[in-house]
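Welcome, and thanks for taking a look at this model. Please keep the viewer open as we go through it.

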Amino acid sequence: MIDKATVDQILDTADIVDVVSDFVSLRRRGANWVGLCPFHNDRNPSFYVSRAKGICKCFSCGKGGSPVNFIMEHEQLSYYEALKYLANKYHIEVHERELTDEERVAQSEREAMLMVNEWACQFFESQLRTEAGEEIGLAYFYERGFSEATIKRFRLGYSPDDRTALYRAAIGQGFNRELLFKLGLCKDDGHGGGFDFFRGRVMFPIFNVAGKVIAFGGRTLKNDPAKYFNSPDSLVYNKKDSTMYGLFQAKREIAKKDKCFIVEGYADVISMHQAGFENVIASSGTALTEGHIHLIHRFTNNVTELFDGDAAGIHAALRGIDMLLAEGLNIKVLLLPEGDDPDSFSRKHNSTEMQRYIDDNEDDFIRFKTRILLQGAEKDPIKRSAAITEVVKSIAVIPSPITRSVYAKECASRFGIDEEMLLREIQKYINKNREENYKRRERERRRMEAGLPANEEPLPTENNSEAPTPVAPTPSKPARLAADASQLVLRQEENIIRYIVKYGMCYLCDTEYDDGVKRPTSVVEFIYNEMSFDSMQFTSPTYAKIYEIALDSLKDFYQDLANFKEVAQAEADEQLVEELQKIDARGHNADSLKKEEEKVQARITANMASKVNEFSRNYLERRLCSHLDDEIRLTALDMVSEKYQLSKIHTQYATIATEMDRLLTLVPEALYNWKNALLDHQIKQIQSQLKQSTDPEAQKSLLEQLQQLYVGRSEIAKYIGERVVNPN
Ligand SMILES: [Zn+2]
């Protein structure tokens with residue numbers, strides 16, 4: 001564990017902009033920095049970083065927090081590991097005490113796997129320096145022209161041609177054999193032992209964005225039909241979206257140059273780096289996926305696919321184009337002369353020659369597609385129209401209407417065709433894509449629903465038994481109940497807290513304050529006003545803490561809300577201009593045109609209002625549900641999980657909307673019920689004191705108190721509309 005002084009030093013030193021920039025390219029916007037959110041599929045920057053406040057936050061999915069929160073979430077690390085990560089980044093010496101055996105056991109499997117991979121990487125590196133390693137592995141790397149510096153930078157290694165070299169060494173180090181199997185480093189031999197998966201191969205470790213070894217690629221040096229072996233997917237590695245080969249080494253240069261080259265293989269990446277082109281990455285062991293593209297998009301908008309000029313290279317390039325376009329990236333394609341791949345090409349030419357070749361031969365996707373599809377048949381009308389259709393289809397997947405229209409213009413002028421017609425054609429494909437996407441989502445939804453258990457229980461526990469922390473929160477009632485609180489009072493408190501957790505920051509009504517000014521009041525402010533008026537307090541310590549957090553969040557909330565509204569307003573304005581331009585004036589007279597415009601305006605305004613609503617609704621909920629304090633987090637999760645269960649069931653969806661719509665009735669009602677329960681409780685207490693009391697003076701005073709409480713209760717009863725009979 002890390003001592004307190006070191007923790008403070010880490011927290012003081014870590015700069016949020018700096019920490020986030022390792023994973024996302026940030027741009028300045030006003031006092032803040034913005035970028036694409038690394039936690040959800042973000043196409044327009046919704047991830048805000050405030051250096052002054054030392055926090056980051058996604059306005060769309062709500063994730064973020066301090067540098068430690070960010071690293072925990074992004075790297076899936078524990079609090080302790082995240083601190084170590086930051087200490088390492090800022091070269092802060094960590095004073096830590098030895099872990100106890102219990103702590104060692106508690107270390108998550110993920111962390112243990114990363115540790116095994118790091119150890120294995122060092123093992124392969126050291127094996128490169130043995131006699132056999134030098135003769136076989138190192139010789140191969142030298143032959144490819146890799147320098148010592150390059151070998152060190154990419155941490156290349158060698159796996160000895162020995163059935164159990166790694167296995168024996170790992171077991172000798174006390175590593176768990178199951179982990180070796182799960183990581184794909186070794187295979188179970190069925191007799192209680194294991195053997196090495198990558199034996200006799202040169203090793204290319206695969207790093208995640210943060211630089212941790214998450215997998216390996218191993219290349220055979222023999223006549224093996226399987227040239228490359230890759231680690232299987234595991235808890236720490238997902239081929240489809242964990243990483244791209246070389247991204248860790250390339251990310252700074254990609255952000256700096258605002259451009260990224262995609263190549264096919266590991267060796268291509270390494271050769272290009274060595275040739276001075278460091279903004280180069282490859283998809284590792286699989287075709288380009290959406291996950292890869294999101295990863296790239298965090299660092300740049302500009303991608304150039306760099307492939308061999310052979311049929312396979314062209315095919316790969318074509319396949320990537322639409323995927324990259326659909327994610328809003330600017331895509332160029334560069335084919336190398338036939339017979340060359342980036343590896344061989346970069347070895348034949350110096351970096352100036354390479355740069356010149358790139359500048360001269362980089363094509364935008366329209367030119368590339370046209371060139372490939374027409375190939376010497378420019379005059380053939382059938383081929384021409386097929387080529388136009390292909391280009392139109394690509395333009396139709398571009399999310400930004402502005403970019404689309406730029407490309408449409410370009411395409412129209414290149415083919416010498418009418419731009420209007422082209423735009424109509426593009427719109428047709430957009431509609432078609434939309435419909436297909438909708439159908440696909442519907443299918444997925446139905447599949448999901450079919451897979452759900454019939455009852456509304458969370459996942460059966462046996463599914464979770466292996467997970468280090470249970471996914472479904474166990475309902476957590478406040479552990480320490482105040483001694484004098486009756487169950488009834490607690491139930492009412494819970495009800496109030498539930499409204500705070502779920503809707504605390506939502507606008508409830510306007511309230512006239514002491515200064516005579518009416519101000520918008522949120523649910524939690526309304527509750528605060530009522531509670532202070534009657535000097536009420538929560539008896540449950542957990543509820544009291546949640547209430548305090550909510551009040552403390554108000555200031556931040558209103559600031560964040562203002563920022564959010566600014567962004568949403570700008571988007572709405574842009575959308576309005578765009579949609580107004582789309583209205584075809586020809587079919588309208590002045591009146592109907594005005595109506596049409598008003599309709600568009602109303603729709604966009606409503607849309608923005610609902611976004612603001614959503615933002616407010618999620619604000620506090622997310623803060624509480626990711627709180628470090630277990631009791632707070634579990635209580636909050638418990639209260640909102642009911643909503644998530646409902647949201648899976650469409651017929652009941654309406655109930656949720658109703659609750660949100662009826663807050664102005666429900667919240668005051670809940671407050672009165674709580675007050676009522678409190679009074680009842682006090683009345684009962686005094687009644688029992690009265691029974692025990694023999695002193696006439698004390699009895700008199702108790703009766704007076706009782707009388708006051710009855711009055712209070714009947715006043716409240718008027719609000720609740722319930723009949724209360726005062727016993728005389
Ligand atoms: Zn997000």
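## Overview

The protein chain holds 29 helices and 18 strands; helices (H or I, at least four residues) and strands (E, at least two) are DSSP runs, numbered from the N terminus. This is a predicted model: local features need pLDDT of at least 70, side-chain atom pairs count only at pLDDT 80 or more, and totals for chains, interfaces and linings use all residues. Residues are numbered from 1 along each chain as its sequence is written.

Of the 728 residues in the protein chain, 32% are buried. A residue is buried if 20 or more other C-beta atoms lie within 10 Å of its own, exposed if 12 or fewer, and partly exposed in between, with C-beta atoms placed from the backbone. Looking at contacts between residues at least 6 apart in sequence, 62% join residues at least 24 apart; two residues are in contact if their C-beta atoms, placed from the backbone, lie within 7 Å.

Let's turn to the sheets. Two strands pair if DSSP finds at least two bridges between them.

Strand S15 (residues 330-335) has five of its six residues buried, so the rest of the structure largely encloses it. S15 pairs with strand S14 (residues 302-307) in the parallel sense over six bridges, and Asn302 stands opposite Asn330 in S15. From S14 the chain crosses through helix H14 (residues 311-326) to S15, a right-handed β-α-β crossover; right-handed here means that, with the strands pointing away from the viewer, the path from the first strand over the helix to the second runs clockwise. S15 is also joined by two bridges to strand S16 (residues 363-364), running antiparallel, with Val333 opposite Asp363 in S16.

## The four-stranded sheet

Another open sheet has four strands in the order S6-S9-S10-S11, with antiparallel pairing. Its edge strands, S6 (157-159) and S11 (228-230), each pair on one side only. S6 and strand S9 (residues 201-207) run antiparallel and share three bridges, and Ser159 stands opposite Arg201 in S9.

## Helix H3 and its surroundings

Helix H3 (residues 67-75) has Pro67, Val68, Phe70, Ile71, Met72 and His74 as its buried residues. These pack against helix H2 (16-21), strand S4 (55-58), strand S5 (64-65) and helix H4 (79-89). Just after H3, Gln76 takes a positive phi of about 55°.

## The largest nonpolar core

Which residues touch the most other members of the largest nonpolar core? Among its 158 residues, they are Ile281, Ile500, Val523 and Ile546. Such a core is a set of buried Ala, Val, Leu, Ile, Met, Phe, Trp, Tyr and Cys residues joined through C-beta atoms within 7 Å. Helix H28 (residues 663-692) supplies the largest share of this core, eight residues.

Not counting residues up to four places away in sequence, Ile546 touches Ile497, Ile500, Val501, Leu624, Ile632, Thr635 and Ala636.
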